[in-house]
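Please keep the sequence and the model in view while reading.

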Amino acid sequence: MIKTRISDLVGRTPLLKLSVADGSANVLLKMEQFNPTGTARIRMARNMVDEAEAAGLLAPGGWLVESTSGNTGLGLALIAAERGYKFTAVVDNHSSTDKLRGMLAYGADILNVAGDEECLATAERDTVAERLAAEQGAYWTAQHRNQGNPNGYRQLALELHHDLGDDIHYLYGAVGTGGSLCGTGRVLRERIPDLKIIGVEPVGSVVFGGKGAPYHQSGTGTPEGSEIGGVVDYELIDEGDKASDSEAFETCRYLARNFGILSGGSAGGVVYKALEQAQSAGPETTIVVLVCDGGDKYLDTVFNDDWMAANGLFDEQVVRRLAAMLRLRQHRPDRRNHLANPVNPPDACTRRFAAAAA
């Protein structure tokens with residue numbers, strides 16, 4: 001079990017069974033946050049570099065470039081550090097601060113193309129990444145159309161089949177580039193022909209049609225005006241669903257406070273939609289959810305009461321639905337905004353913490 005490279009630790013992530021309401025389908029979370037970098041994207045980042053090396057597209061000491069909202073950049077930054085490549089991440093302001101700090105920690109260069117604009121700038125990111133690679137002789141991994149992206153999830157599919165056999169009826173996953181869901185689903189479908197593959201994107205994303213609008217979920221979906229990547233395989237996906245920011249983030253917060261599960265923002269939306277399906281699918285059904293990253297990179301946003309309130313993302317209806325879909329092992333009080341609650345004032349230690357944080 002002794003490894004010689006950090007990337008050798010990728011994979012063999014655990015499955016976690018949710019405590020769902022009586023009569024519901026089994027909901028199993030594939031916890032990809034236990035990979036290095038805390039995300040599934042390290043799988044495809046490693047594979048894109050592996051395939052580029054095998055094809056002679058990367059020489060020792062070469063330069064990698066990618067347009068990223070964060071997690072792919074983290075994966076490429078780790079691989080670049082491990083193998084002696086230079087890496088430049090082209091980002092916008094949809095990237096969380098912790099993802100940017102992570103890339104910098106691995107020695108990456110960050111190029112932000114968005115200025116002061118808070119919205120997604122996917123098309124501009126891609127244009128700049130392509131131009132930079134051409135001008136500097138770097139290799140642009142181009143994750144949205146690189147088949148090394150979905151190919152990188154073959155092992156994930158094999159892990160699921162090894163652990164569960166043919167007892168997988170639904171596979172749920174977020175659709176950004178489409179790599180994790182389509183790459184995993186394609187391999188599983190070869191072994192389980194009746195498998196239903198469900199993609200989930202944010203409300204406001206246009207992968208599955210509909211009107212484009214701003215959204216806060218990062219690393220998933222495609223904003224209006226940006227090209228939908230060639231990795232998305234519509235013939236493979238049985239259904240496309242949409243989760244609102246409130247559904248996604250309230251699910252993350254509910255799982256954290258009631259089950260100790262700290263998942264990433266877009267993963268919350270996938271779990272929410274899988275729980276809805278579980279209510280009608282029946283107890284003999286197994287739903288696997290790809291939880292593609294953890295929540296530690298979203299402490300300043302999804303898990304921050306002030307940020308949630310400022311963006312109007314609290315939704316008590318979603319919380320009530322979650323309470324009906326999940327079975328709590330014990331009662332937990334609602335601790336939302338507890339530091340500012342005048343009816344139950346914080347003790348002296350908590351007041352000192354709140355003052356220091358301010």
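**Helix packing and side-chain features**

In helix α8, residues S246, E247, E250, T251 and Y254 make contact with V318, V319, R321, L322 and A323 of helix α11. The model is a predicted one. The points below begin with this helix pair and then turn to other helices, to rings and to the backbone.

**Helices α8 and α11**

- Helix α8 spans residues 245–259 and helix α11 spans residues 316–325; their axes come within 9 Å and cross at roughly 55 degrees.
- The two helices α8 and α11 are therefore oblique to each other.
- The crossing in which α8 passes α11 is right-handed.

**Helices α9 and α11**

- Helix α9, residues 265–281, also packs on α11: the axes come within 10 Å, and the crossing angle is roughly 50 degrees.
- This arrangement of α9 and α11 is therefore classed as oblique.
- The handedness of the crossing of α9 and α11 is left-handed.
- On the α9 side the contact involves Y272, L275, E276 and Q279, and on the α11 side it involves V318, R321, L322 and M325.

**Helices α1 and α2**

- Two packed helices are described by the angle between their axes and the distance between the axes.
- For helix α1 (residues 41–54) and helix α2 (residues 71–83), the angle is about 50 degrees and the axes are 8 Å apart.
- Helices α1 and α2 are therefore oblique to each other.
- A right-handed crossing describes the way α1 passes α2.
- The α1 residues in this contact are R41, I42, M44, A45, R46, M48, V49, D50 and E53, and their counterparts in α2 are N71, T72, G75, L76, L78, I79 and R83.

**Aromatic rings**

- The model contains 3 aromatic pairs.
- One of them joins Y170 and Y172 in a tilted arrangement, with 6.4 Å between the ring centres and 40 degrees between the planes.
- Both tyrosines, Y170 and Y172, are buried.
- F208 is partly exposed, having a relative accessible area of 23%.
- Y234 is likewise partly exposed, and its relative accessible area is 40%.

**A lysine over a tryptophan ring**

- K86 is placed over the face of W63, 3.7 Å from the ring centre.

**Backbone with positive phi**

- R12 is a residue other than glycine with a positive phi, near 55 degrees.
- R12 belongs to the segment before β1 (15–17).
- A142 is not a glycine either, yet its phi is positive, at about 45 degrees.
- The loop between β6 (139–140) and α5 (148–151) holds A142.
- A142 has a relative accessible area of 10%, which is under the 20% limit, and therefore counts as buried.

How values were computed. Residues numbered from 1 in each chain as written. Predicted model: local features only at pLDDT ≥ 70, side-chain atom pairs only at ≥ 80, totals over all residues. Heavy atoms only, no water. Phe/Tyr/Trp six-rings, centres within 6.5 Å; stacked < 30°, edge-to-face > 60°. Buried < 20%, exposed > 50% of the residue type's maximum accessible area, 1.4 Å probe, protein only. Lys NZ or Arg CZ within 6 Å of the ring centre and 35° of its normal. Axes fitted to C-alpha atoms, helices over the stretch in contact; angles between N-to-C directions. Helix = DSSP H or I, 4+ residues; strand = E, 2+ residues; numbered from the N terminus. Parallel < 35°, antiparallel > 145°, perpendicular 65-115°, else oblique. Left-handed = near helix turned anticlockwise from the far one by under 90°. Contact = heavy atoms within 4.5 Å.
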